[in-house]
Each structure stands twice: as C-alpha cells, then as structure tokens.
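This report goes through the chain shown below by its charged pairs, its sheet, its nonpolar cores and its aromatic rings.

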Amino acid sequence: MRVSSEQTPIRLGDEYQGPVGDDPLAAVLAHEGDLVVGKLATDVVVTGHLHSPHGKPAADWISAVRVGNLHKGMRVTGPREFRRTLFGWKVTKPAAVSTVPLDYHLAFGGRLRSLGQGDSSDVYFSRNSAGIGWLPGASDLKNLPSKRKRDAEKWQNAQRVLPAPQFEDYQQPITSPYQHVPPEGFGPIARWWEPRVSLQGTLDAAWQAERYPDPPDDYNPRFTQSAHPDLISSRLITGHEPVVLAHCFAEEKTVTALPSMTIHAMTVFSNGTKLVMPMALGV
C-alpha cells in the first residue's frame, strides 16, 4: 500500500448505508465518525462490494480478510429465501450473482416493524436491527402488551416466505429464522447494537445527575471499537503487517502490506510548550 496523494478528511459524524429518515433501527453504518476518545486496539473494516471468483456469477463463495495475525472468513451467497414447509423452515438455493454489497441489511437480523408490525422499539434483533431473516421467539415477545403479542404471533404463523441472509458463518450455516446467530460482515457495527451497546455503561438518572457528560462508572472503553468482533485486533496495529483479501475482488487473492511508517502529532500549548507524540492506528 502507498500513501494516497489525496487524504480522506476527518469524519465529524457517522455516515450510513442509504437514508435513515425517522427509522434509526433501520440504519446501518457505512463509516463511523472519527471523533472518539481513543481505542485500545485497531478496528479492521472492509467496505464496498464482494466479487465472485473471476467475476463469474456464482451461487456462493467464501470471502476472507487477513491483516497480520487477524483473520475472518464468511460464506457469501446470492439472494435466497426462507420457506416454511410441512417439516419446518428451509433455505432455498441462492441465485447466482457476481457482486454482493457489504451491507448489514443483507445479514441476519431484523425487527417487527420490518415485518409489518408497526412500532418496533421493543422487539428487534439486538445484534442487527436492520437485517433480514429473523423471527422473534417467545422470549422476545414476552414483554409485549397482550393484544400486540397476539397480533405478532398471528402474523408470524401466517408467514410462508422470508428473505434469507446473504452472509453466514461457513462453519455454522443458517437454517431457520429462529436460529439467533450473530450477523456476519466485514463492516462497522453500530454503537446501538450488541455487543457494543452493553459496553457503554448504565445511562440512568443517577449518571445524568452526577456524572454527565463523563461516562458512567461501569463504562467499558472497548465501546469505542466499531469493527465486527472478529475483526478487532488484540493490540494496536503498528504498520508493515501483511494484508490478504481472498475472493473479495474478482482476482482470487490480493496480497499487500500496510505502510511501515509512523505519524506524529504536535500539540502547541498557550505558553509555547510543544508536545510531540506518535499516533496509534485505531482503524
């Protein structure tokens, strides 16, 4: 990799996949904003489109990313469906495609609003409220008002076809809308999804009265890590690490390396004192 002659400007806020409107649970991060307190490790994020091997339409393939010792692979498919049969839910054979966007809208997840139930503030898949293929189980509906719970159960029982996720763990294929598996992807995880949201700490009245705007006492600094959990390094990446992208482009494998260089930042205080410190690679 070479240093680009045109540097990406600092992102002052989050950027999303498509319009968000008044439905934040449907939002998927394209890029998280750069203004964070700090990161304990480096986030590895891949965005764009995944391409089938040699650019020829395929029903499925394995795409993988490696940066240094960090590695993640997943199965990518064309569009497919869950269909209810006499013997339970089955997954149809995927259609052949040459590209699939890296978008958590195509990963396992969902919410009742996306399934035709109106307000979804209390029933959604906590790891990906914007995804497809998920149906809530009894534990997800237990706190609903009686009428809405009956309506939700009636609606679910009437379903015969649902879109199925196009990303999955190749060692644990998705077979049912009730299979509650973590969503697969290479992109950033929204801070209002698990497992991130539980790391922000307790944002209750006591925190607001006694500590705000400081974080809660039980705040976990790993809340700032935005990568998929499988793509958060165990330490800060320093540069020179090898980078391998397998079946991400039409070429079978792309191999390169991160630049072996260190960026420093200088702070000049009002009394003229200067402080120079190396900057860590957070994402």
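## A buried charged pair

In this predicted model, Glu168 and Arg80 are both buried. The two residues form a salt bridge in which the closest N and O atoms are 3.1 Å apart, and the pair links distant parts of the chain, with Glu168 in strand β12 and Arg80 in strand β6 (residues 80-85), 88 residues apart.

Glu168 also has a place in a sheet, where Arg75 stands opposite Glu168 in β12. The strands concerned, β5 and β12, pair in the antiparallel sense over two bridges.

Strands of a sheet pair through backbone hydrogen bonds, either parallel or antiparallel.

For the chain as a whole, the secondary structure comes to three helices and 16 strands. The C-alpha trace spans about 75 × 55 × 30 Å along its principal axes, and buried residues make up 40% of the 283 residues. Among the contacts with a separation of 6 or more, 63% are between residues 24 or more positions apart.

In soluble globular proteins, nonpolar side chains tend to be buried together. The largest nonpolar core in this chain has 33 residues, of which Leu50, Val65, Phe167 and Phe186 touch the most other members. The elements that give two or more residues to this core are β4 (60-67), β5 (70-77) and β13 (242-246).

Which residues is Leu50 in contact with, leaving aside its neighbours within four places in sequence? They are Trp61, Ser63, Met74, Val76, Ser98, Thr99, Val100, Leu102, Phe167, Phe186 and Cys248.

## Aromatic pairs

A pair of aromatic rings is described by the distance of the centres and the angle of the planes. The count for this chain comes to seven aromatic pairs. One of them, formed by Tyr16 and Trp192, is tilted, at 6.4 Å centre to centre and with 35 degrees between the planes. This pair links distant parts of the chain, since Tyr16 is in strand β1 (residues 15-16) and Trp192 is in the loop between β12 (167-168) and α3 (205-210), 176 residues apart. Tyr16 counts as partly exposed because its relative accessibility is 34%, and Trp192 likewise counts as partly exposed, at 26% relative accessibility.

The rings of Tyr104 and Trp193 have their centres 5.7 Å apart and their planes at 85 degrees, so this pair is edge-to-face. Tyr104 lies in the loop between β8 (99-101) and β9 (108-109), whereas Trp193 lies in the loop between β12 and α3, so the pair ties together parts that are 89 residues apart in sequence. Tyr104 is buried, with a relative accessible area of 3%, and Trp193 is buried too, with a relative accessible area of 0%. Elsewhere, ring pairs link Phe108, Phe125 and Trp134 into a cluster.

## Other charged contacts

Side chains of opposite charge can pair when their charged atoms come close. The count of salt bridges in the chain comes to 14. In one of these, Glu32 pairs with Arg191, and the closest N and O atoms are 2.9 Å apart. Glu32 is in the loop between β2 (29-31) and β3 (49-51) and Arg191 in the loop between β12 and α3, which places the partners 159 residues apart. Glu32 is buried, with a relative accessible area of 9%, whereas Arg191 is partly exposed, with a relative accessible area of 28%.

The side chains of Arg83 and Glu81 also meet in a salt bridge (2.9 Å, N to O); Arg83 counts as partly exposed at 43% relative accessibility, and Glu81 is partly exposed with a relative accessible area of 28%. Salt bridges that share partners join Asp14, Glu32, Arg191 and Arg196 into one network. Arg196 has a further contact of another kind, in that its charged end sits over the ring of Phe223, 5.2 Å from the ring centre.

Methods. Residues numbered from 1 in each chain as written. Predicted model: local features only at pLDDT ≥ 70, side-chain atom pairs only at ≥ 80, totals over all residues. Heavy atoms only, no water. Core = buried A, V, L, I, M, F, W, Y, C linked by side-chain atoms within 4.5 Å. Buried < 20%, exposed > 50% of the residue type's maximum accessible area, 1.4 Å probe, protein only. Helix = DSSP H or I, 4+ residues; strand = E, 2+ residues; numbered from the N terminus. Contact = heavy atoms within 4.5 Å. Phe/Tyr/Trp six-rings, centres within 6.5 Å; stacked < 30°, edge-to-face > 60°. Lys NZ or Arg CZ within 6 Å of the ring centre and 35° of its normal. Salt bridge = Lys/Arg side-chain N within 4 Å of Asp/Glu carboxyl O. Pairing = 2+ DSSP bridges.
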